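Subject: Structure for you to look at

Dear colleague,

Here is the structure we spoke about handing over. Please open it beside this message as you read.

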Amino acid sequence: MEVKSLPPSALRKISKPQQEWKIIIAIYLYLAGMGAGSFIIGMLLHWWRVDLNPLHLSSIEFLGFQLNLIRVPILWGPIMVAIGAPFLILDLGIKWRFFYACLNPRTSWVARGFIILSVFIVLGLVLFVKSLFPSSLDSSLWVILEGIALVFAFATALYTGILLKATKSVPLWNTPLLPILFLTSALSTGSMAIILSVLGTRLISFQSSALKLLMYGEQLFVVIEGIVLYLFLSHTYRISEQGKDSVRLLLTGNLRYIFWQGIVLLGLFFPIVLEWISKAYQNPSLLFFAGISLLTGGFFLRLGVLRAGIKDQIPMQRLIEIRHQMRPTN
């Protein structure tokens, strides 16, 4: 009896990407990541007491209180997370599904994420409101709350990747490199969002050393993001056939325009090039174009990872293929 071995490519059909999580989840992942990243950078600026120029309208009177607006452009991150969180709830559809998932923190990453997001949003918004009042409110208690909020900001940025990683049936998502990729992207987009905020409100001049430090930090995050993206795709390509299909879908398949133009050019290449040109010619307008490019690329990164997710084959289907490959022939 002769055993005929057929190449797997002759038996296996290319699986279709998942259709459950679509653009609405990409919006949540993007807003939560950028909001958390911008809060991290903004809080570090606050701790380092970076000199900020006065705004044209540095304070307003509200209900008899004099509100200071000077730190609004660097501590607005929790607002973006609060805006993005409902997109996750809306995607779950039926309300009871969401509340049921939130009651199981021991087994559900949705429930753990709900706790992480809730703590960060509440603490972040409290600190944001506190920044509106005079510095006489500063105390050691506020510093402790700021430290806790900073920890939960990192947790929020990581959670945007952990939520996908928890879906073990999708090899592209089920890797520890995905949370790291989303964290570095959150820091790069958050840094750029803060750069645009302080530059647009003239809190920091284009020639200031603080802005140059912010730009160097943001460019470093972009380089690290590119390295992690390469490692992420290389690892995914090696772990399974569905992983290979996902990478091929991004590099040469239907999602190649999202990957090469949206992620690589807009999110990685153009921002660094435009920033260096803007510094060489002292042109702040090019820095704004670089910022828009990077922020757009950050969204395409989430969208591309979501749309390229291909589910692993069920065990029975694998068994059928193995038996078919070992089928005896006359």
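Below are notes on the whole chain, followed by a few regions.

The model is a predicted one, in which local features need pLDDT of at least 70 and side-chain atom pairs count only at pLDDT 80 or more, while totals for chains, interfaces and linings use all residues. Residues are numbered from 1 along each chain as its sequence is written, and side-chain values use heavy atoms, with hydrogens and water left out.

The protein chain has 12 helices and four strands, these being DSSP runs numbered from the N terminus (helices H or I of at least four residues, strands E of at least two). Of its 330 residues, 47% are buried, where buried means under 20% relative accessible area, exposed over 50%, and partly exposed in between, with a 1.4 Å probe and protein chains only. If one takes the contacts (heavy atoms within 4.5 Å) between residues at least 6 apart in sequence, 77% of them join residues at least 24 apart.

In helix H9, residues 241-251, the buried residues are Gln242, Gly243, Asp245, Ser246, Val247, Leu249 and Leu250. Their cover includes helix H8 (209-239), helix H10 (256-281) and helix H11 (284-307).

Helix H11 has 24 residues and spans 35 Å from its first C-alpha to its last, close to the 34 Å expected at 1.5 Å a residue, the expected span being 1.5 Å times one less than the number of residues. At the start of H11, a side-chain oxygen of Asn283 comes to within 3.0 Å of the backbone nitrogen of Ser285. Further along, Ser293 lies in helix H11, and it counts as buried because its relative accessibility is 8%. Apart from neighbours within four places in sequence, Ser293 is in contact with Leu265, Leu266, Gly267, Phe270 and Pro271.

Val273 belongs to helix H10 and is classed as partly exposed because its relative accessible area is 31%.

Arg71 sits in the loop between strand E3 (65-68) and helix H3 (77-92). Is Arg71 buried or exposed? Arg71 is buried, because its relative accessible area is 17%. Not counting residues up to four places away in sequence, Arg71 touches His46, Leu52 and Ser131; the C-alpha atoms of Arg71 and Leu52, which are 19 residues apart along the chain, are separated by 8.4 Å.

Methods: Polar contact = N/O pair within 3.5 Å; in protein donor to acceptor, adjacent residues only side chain to side chain.
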